[in-house]
Every structure is written in structure tokens, then in C-alpha cells.
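Welcome to this short tour! Please open your viewer and keep the selection tool at hand.

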Amino acid sequence: MEKYFSVDYKGHMLSGFIDRIFYNTNTGEYIIEDIKTKEKPFSDADLTTPMQFVVYTYALAQTLGISED
């Protein structure tokens with residue numbers, strides 16, 4: 001599912017959309033996917049978005065009221 005988020009981080013509002021979220025009922029883990037589309041294949045450098053996933057993880061935890069452990 002696509003999930004909109006808007007969260008406060010140290011006085012700064014972060015908002016956007018997480019493309020897809022899966023919940024593993026066996027492990028209780030969430031899996032976040034960022035869907036990339038382009039007319040030609042992406043290079044590895046194009047797919048490196050670590051800060052984006054840090055924000056997504058924080059936003060998901062805040063939005064769902066879950067621990068960030």
C-alpha cells in the first residue's frame with residue numbers, strides 16, 4: 001500500500017509517500033519498498049538512497065506508534 005506521512009522531526013515537518021509497505025505476520029517486521037521507474041535500467045549509484053529510508057523508517061514508526069528498535 002502507498003502510505004502518506006507527515007511527521008515532526010526536531011521542529012521540522014517531514015512529509016511524503018512511502019511507495020509500498022509489507023507486514024510480515026510471522027516475524028512482526030515491516031518491509032519498506034521504494035519503487036523506481038525509468039525508461040532504462042538504473043545504475044547502482046542511482047539506487048543508493050540511505051537517507052530516504054532512514055526518513056521512511058522514522059515516519060513509519062511515528063505514524064504507527066511503534067518502537068524504532
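Before you start clicking, note that this is a predicted model.

Stop 1: Select Tyr56, Tyr58, Ala59, Leu60 and Ala61, which are the buried residues of helix H1. What do they pack against? Show strand S1 (3-9), strand S2 (12-18), strand S3 (20-24) and strand S4 (29-33), and you will see the partners of these buried residues.

Stop 2: Now select the whole of H1, residues 50-64. With 15 residues at 1.5 Å a residue, this helix should span 21 Å. Step just past the end of H1 to Gly65, where phi is positive, at about 65°.

**Stop 3: a charged pair.** Next, pick Glu33 and Arg20, which form a salt bridge. Their closest N and O atoms are 3.1 Å apart. Side chains of opposite charge can pair when their charged atoms come close. The structure holds one salt bridge. Because Glu33 lies in strand S4 and Arg20 in strand S3, the pair ties together parts that are 13 residues apart in sequence. Are these two residues buried, exposed or in between? Glu33 counts as partly exposed, at 30% relative accessibility, and Arg20 is partly exposed as well, at 32%.

Key:
Residues are numbered from 1 along each chain as its sequence is written. This is a predicted model: local features need pLDDT of at least 70, side-chain atom pairs count only at pLDDT 80 or more; totals for chains, interfaces and linings use all residues. Side-chain values use heavy atoms; hydrogens and water are left out. Helices (H or I, at least four residues) and strands (E, at least two) are DSSP runs, numbered from the N terminus. The expected span of a helix is 1.5 Å times one less than its number of residues. Buried means under 20% relative accessible area, exposed over 50%, partly exposed in between (1.4 Å probe, protein chains only). Contact means heavy atoms within 4.5 Å. A salt bridge is a side-chain nitrogen of Lys or Arg within 4 Å of a carboxyl oxygen of Asp or Glu.
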